[in-house]
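Please have the model open as you read.

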Amino acid sequence: MYLDDQYKLYHMAYELVANQQFDILHIDHNTNEIWLEKYVNKRSNVIRLIQKGFDWKNHLKRDIAIVFQKAKAMKKLLAGKHIELYNVYISSHAPVDDWESLKKPMQLKEKNPIKMKVYYLDNEGSNEEFDRLQTDLDVQLRTIPENVDEEQQEQDIQNKKRYLTEVLENKHKEVEKVFSFGKPYFTYLLIAINLVLFILLELNGGSPSINTLIEMGAKYNPSIIEGEWWRIASSMFLHIGYLHLLMNMLAIYYLGTATERIFGRTRFLFIYFLAGIGGGLASFAFTTNVSAGASGAIFGLFGALLFFGIIYKRIFFQTMGSNILIILLINIVLGFSVEQIDMGAHIGGLLAGFLASAMMHLPNKKNVRTQLIGFIAYVMLITGLVIFGLNSNMNNQSNYLMQIEQLLLDNQFEEVVEVATEALDLEGDMQGPILFQRSYAYIELNELNLAVEDLEQSILHEPVLPEAYYNLALLYDSNGQIEEAKEMITKAYELNPDEESFAEVYKKITGESPE
């Protein structure tokens with residue numbers, strides 16, 4: 001009877017795998033236990049086949065409880081959130097007491113519970129249970145042959161064991177192959193380039209220095225508008241401070257090695273640069289600050305792994321999927337919570353990396369339609385960011401203020417007046433700082449009356465700069481407007497009492513100690 005039961009087990013397993021497209025999750029030839037799955041309509045139909053009998057209903061119930069726990073532990077291996085478990089026992093005898101109530105559908109009380117149905121194929125009810133299983137699964141299996149001699153049964157069992165084992169081994173080989181399309185040489189090269197350029201930054205003024213960053217190729221919108229588009233790419237390799245460098249290099253190492261192994265070296269390099277360009281252009285379009293870093297490209301690697309997850313959903317969630325999604329979600333939440341983080345670069349890089357991955361696609365998974373859509377979408381994204389970025393920056397007072405600050409550093413005071421005058425014709429909330437900067441240029445050009453006019457206008461706008469009151473105090477004092485000078489220096493000191501020069505001028509103009 002043992003051989004008959006084993007014959008039924010492997011016949012059913014073979015039929016489900018070979019003719020009904022079920023995947024093998026697990027095989028244990030020692031205990032004659034086989035787990036199969038088929039993903040249908042966002043639901044995982046899981047079949048557990050086992051050659052095992054029970055004398056009593058309680059023993060069967062205990063095993064059913066164990067199967068529930070096994071299925072819960074196996075959830076990450078399954079394609080769907082909703083799981084229908086078909087628990088099939090094959091034995092020559094059934095429990096001696098009444099166990100029929102266990103045929104009713106059962107489930108645990110939890111979110112997205114596993115639903116289970118139990119089938120017991122014994123000598124008496126084998127055909128009936130076999131038909132019930134087929135009906136519930138909506139499949140048609142070949143009837144289990146009867147009156148087959150032992151020698152033929154043994155031969156058939158061995159053939160089906162060999163077939164099922166080969167299918168499972170091929171599945172494992174496919175998973176291994178997915179992660180072996182290239183050794184991560186370019187990942188290491190990119191890390192090395194970033195490290196070398198960081199050393200050069202530190203040797204030439206320090207990575208936190210805005211001037212050094214601009215000179216070395218950071219994203220600086222005024223220069224990009226003038227034609228230095230190469231900054232979009234060069235800024236990918238510059239980092240501001242040791243912590244910024246360390247975090248990004250760790251991200252490149254972990255995400256880069258995985259992506260390069262999955263996509264291969266050439267595809268990986270294209271995805272990295274295309275994502276970095278998308279992230280850089282998004283930063284150009286949505287932020288005016290000087291910025292640098294590999295974040296856009298790094299988020300592009302997230303996008304590449306998400307695309308991989310769409311193509312190889314099961315492998316993605318069985319390996320890295322949950323961790324990738326959690327880390328990505330944490331980064332997005334932090335990005336919107338911390339003002340200093342350039343979310344334009346992050347989101348732009350993520351989207352560009354996903355589209356670049358669709359355009360390049362995975363090795364041995366050529367899909368012309370998907371690749372064409374990815375190419376068109378990527379071109380539209382880049383074009384849209386360029387057009388929006390140019391319009392946004394050319395009508396943005398913050399961009400003009402950055403130009404003014406750079407011109408002041410270069411002592412180009414006449415150009416400061418021209419640029420500031422253009423900026424003041426635009427709408428925005430930077431009127432005060434622009435007027436203050438133009439007043440400084442007027443002072444350097446010895447146009448003191450114009451400087452006074454700008455400073456008087458500057459203090460009427462938010463944010464008010466303490467330096468505006470301070471400069472007005474000096475100019476009023478030089479013109480003999482003592483009362484006005486006292487009023488201005490008092491306000492300057494109140495706004496910033498820690499500034500030593502404010503305290504000194506306060507004492508000089510008022511004749512009293514500020515304290």
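How many cavities of 30 Å³ or more does a search of the whole structure find? The search finds one.

## About the model

This is a predicted model, in which local features need pLDDT of at least 70, side-chain atom pairs count only at pLDDT 80 or more, and totals for chains, interfaces and linings use all residues. Residues are numbered from 1 along each chain as its sequence is written, and side-chain values use heavy atoms, with hydrogens and water left out.

## The cavity

On a 1 Å grid over the protein atoms alone, a cavity is a set of points where a 1.4 Å probe fits but cannot get out, and lining residues have an atom within 4 Å of a point. A volume is the space filled by probe spheres set on the points, which are joined across faces, edges and corners.

The largest cavity has a volume of about 30 Å³. Its lining consists of Val178, Phe181, Ile262, Tyr312, Leu362 and Pro363. By class, that gives six nonpolar, no polar and no charged residues (Ala, Val, Leu, Ile, Met, Phe, Trp, Tyr, Cys and Pro count as nonpolar, Asp, Glu, Lys and Arg as charged, and the others, Gly among them, as polar).

## The pocket

A pocket is an open set of points with protein on both sides within 12 Å along at least five of seven lines. Of the 50 residues that line the pocket, His244, Asn248, Ser295, Ile341 and His346 lie nearest its centre. Two or more lining residues come from each of α9 (242–263), α10 (265–286), α11, α13 (321–337) and α14; helices here are DSSP runs (H or I, at least four residues), numbered from the N terminus. The largest share, nine residues, belongs to α9. The pocket lining has 27 nonpolar, 20 polar and three charged residues.

## Helix packing

Helix α11 (residues 295–311) packs on α14 (residues 343–360) at about 45 degrees, with the axes 6 Å apart. Axes are lines fitted to C-alpha atoms over the stretch in contact, and angles run from 0 to 180 degrees between N-to-C directions. The angle therefore makes α11 oblique to α14 (under 35 degrees is roughly parallel, over 145 roughly antiparallel, 65 to 115 roughly perpendicular, and the rest oblique). Residues in this contact (heavy atoms within 4.5 Å) include Phe299 and Gly303 of α11 and Gly349 and Gly353 of α14.

α9 and α11 pack at about 30 degrees, with their axes 9 Å apart, so α9 is roughly parallel to α11. Their contact includes His244 and Asn248 of α9 and Ser295 of α11.
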